[in-house]
Amino acid sequence: MNDYYQDLGVSRDASPEDIKRAYRKKARALHPDVNPSPEAEEQFKKVSQAYDVLSDADKRRSFDMGSDPYAGGAAGFGQGFSFSDIMDAFFGAGAGQAQRGPRSRQRRGQDALIRLDIDLADAVFGAEKELVIETAVVCSTCHGDGAQPGTSRRTCDVCGGRGEIQQVQRSFLGQVMTTRPCVTCQGYGEVLVSPCFECSGDGRVRTRRTLKIKVPAGVDTGTRIQLGGEGEVGQGGGPAGDLYVEVAVRPHATFQRRGDDLHCTVELPMTAAALGTTVKLDTFDGSNELEIKSGTQAGDAMTLRGLGVTHLRGTGRGDLIIHANVQTPTRLDEQQEELLRQLATLRGEEHPAGRLSPAHPGLLGKLRDAFKAK
C-alpha cells in the first residue's frame, strides 16, 4: 500500500491547505518542464497521485481506513483526476474552475465615452444640455430574454446543460482530463429554439435616445462627467455600463481662461490712460464699470473680483483680470500736433534721452501680470 502522506511530506493530520502547499512545492520542482530526468518524472507521478487522493475528502477518508484507490498498480493521475486540480494547486483554489458550469446569458454592458462641446459661459455658470446618443438598449420584443416571444429554450444535447464538455487524454503523466466550453451552446447550457427576430437572440438592439445632462459650473476642457448606468446595455439584457461625457470648452472671442480666472484686454486712448477715466465692460455678469487710474501704462492689469469662473470644487469664483492696451495715435491734424508739442515742451520732453531697462513692459509685463494680478 502506498504512503501518500510520506510522498507529499506531510503529517496524517495535515490540513487541506498544508496538502496543497506541499504539492505545489514538490510539483514545481519535479515538473518535466523544469526537471526532465526520468527519476523526476516518476516522482512527479507519485506526488500527483498522492495529491489526487489526499485532496479529495472521500478518497482520503478511504485511504485512512486502509483502502488505496490506486492499489493494483494504477498509475498516473487516475480516471477522476482533473487537470483543473493542478491549476488549483499552483494558482489557488478556484483557479481551474473560474469558467466551470453554464455561463449566464446576462453580462454587464460596456462603458461609453462621448464628447460635449460647450460655451465658456456654460463653464462659468453651469448648464443643462441634451445629448443624442446611439447605444444598445434592451430589446423591446423579447425584453432581453433573447428568445422569440412564445418560445423557450431547450437543454443542450451535447453538454447536457453543463455548458462545458470534458475530454480525457493520455500523456506521460497518465490520464489528464481537460474541460472547455461547449461549442454547441457557447457555454450557456441551453439553446434558443427560436431566437428573437428583432435582436437575433442578443437581447439588445441599437437605437438613438435623448439624454439630459447637468453640466456643473467650473468644468474645463478634459473634465469627465460620469453618468452611472447610462452606457451600453449588456448582452442578454444585462446591466448597463456607465456613460462618460468629456467636456470641451469652445474658445471665446473676448475672454481667455487661465485656471478659474478670466483674462481680457481693454483698448485705451493715450489721453484716457494718462488722465484716467471710467469705462463700461460687457462681462458674463452684465455691464460693469472699470476705473482706469491716471497714468495707466500699457500692460497694466486691473482686477474685477469674483467675476471669473465658478470653482468646480468649493465655493466662490475666480476673478476677471483686464489688461490695458494703450493706443498711440498715428494720424494727427495740425492742431493736435501743436498741442502735443506744447505738452512735450511743458514736460521737458522735446528731446528725451533713451533709457534702457531690464524688461520691456509689453509682452513680458503681460505675462508677469497674468501671474501676479489678483
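Biologist: Which residues are linked with Glu41 in a network of salt bridges?
Modeller: Glu42 and Lys45 are in that network with Glu41. A salt bridge here is a side-chain nitrogen of Lys or Arg within 4 Å of a carboxyl oxygen of Asp or Glu.

Biologist: What sort of model is this?
Modeller: This is a predicted model, in which local features need pLDDT of at least 70 and side-chain atom pairs count only at pLDDT 80 or more, while totals for chains, interfaces and linings use all residues. Residues are numbered from 1 along each chain as its sequence is written, and side-chain values use heavy atoms, with hydrogens and water left out.

Biologist: How many salt bridges does the structure hold?
Modeller: The count is 24. One of them joins Arg115 to Asp117, with the closest N and O atoms 2.8 Å apart.

Biologist: Is Arg115 buried or exposed?
Modeller: Exposed, at 61% relative accessible area. Asp117 is partly exposed at 33%. Buried means under 20% relative accessible area, exposed over 50%, and partly exposed in between (1.4 Å probe, protein chains only).

Biologist: And what does Arg206 form a salt bridge with?
Modeller: Glu232, with 3.3 Å between the closest N and O atoms. Arg206 lies in strand 7 (residues 204-215) and Glu232 in the loop between strand 8 (224-227) and strand 9, so the pair ties together parts 26 residues apart in sequence. Helices (H or I, at least four residues) and strands (E, at least two) are DSSP runs, numbered from the N terminus. Glu232 is buried, at 13% relative accessible area.

Biologist: Switching to rings. How many aromatic pairs are there?
Modeller: Four in the whole structure. Among them is Tyr5 with Phe63, a tilted pair at 5.9 Å centre to centre and 40 degrees between the planes. Rings of Phe, Tyr and Trp (its six-membered ring) pair if their centres lie within 6.5 Å; planes under 30 degrees apart count as stacked, over 60 as edge-to-face and the rest as tilted.

Biologist: Where do Tyr5 and Phe63 lie?
Modeller: Tyr5 is in helix 1 (residues 4-8) and Phe63 in helix 4 (residues 57-64), so their pair ties together parts 58 residues apart in sequence. Tyr5 is buried at 2% relative accessible area, and Phe63 is buried at 4%.

Biologist: Last topic, strands. In what sense do strands 11 and 15 pair?
Modeller: Parallel, over eight bridges between residues 261-269 and 320-327. Two strands pair if DSSP finds at least two bridges between them. Val266 has Ala324 of strand 15 as its bridge partner.

Biologist: And strand 14 with strand 15?
Modeller: Strand 14 (residues 301-304) pairs with strand 15 in the antiparallel sense over four bridges. Ala301 stands opposite His323 of strand 15.
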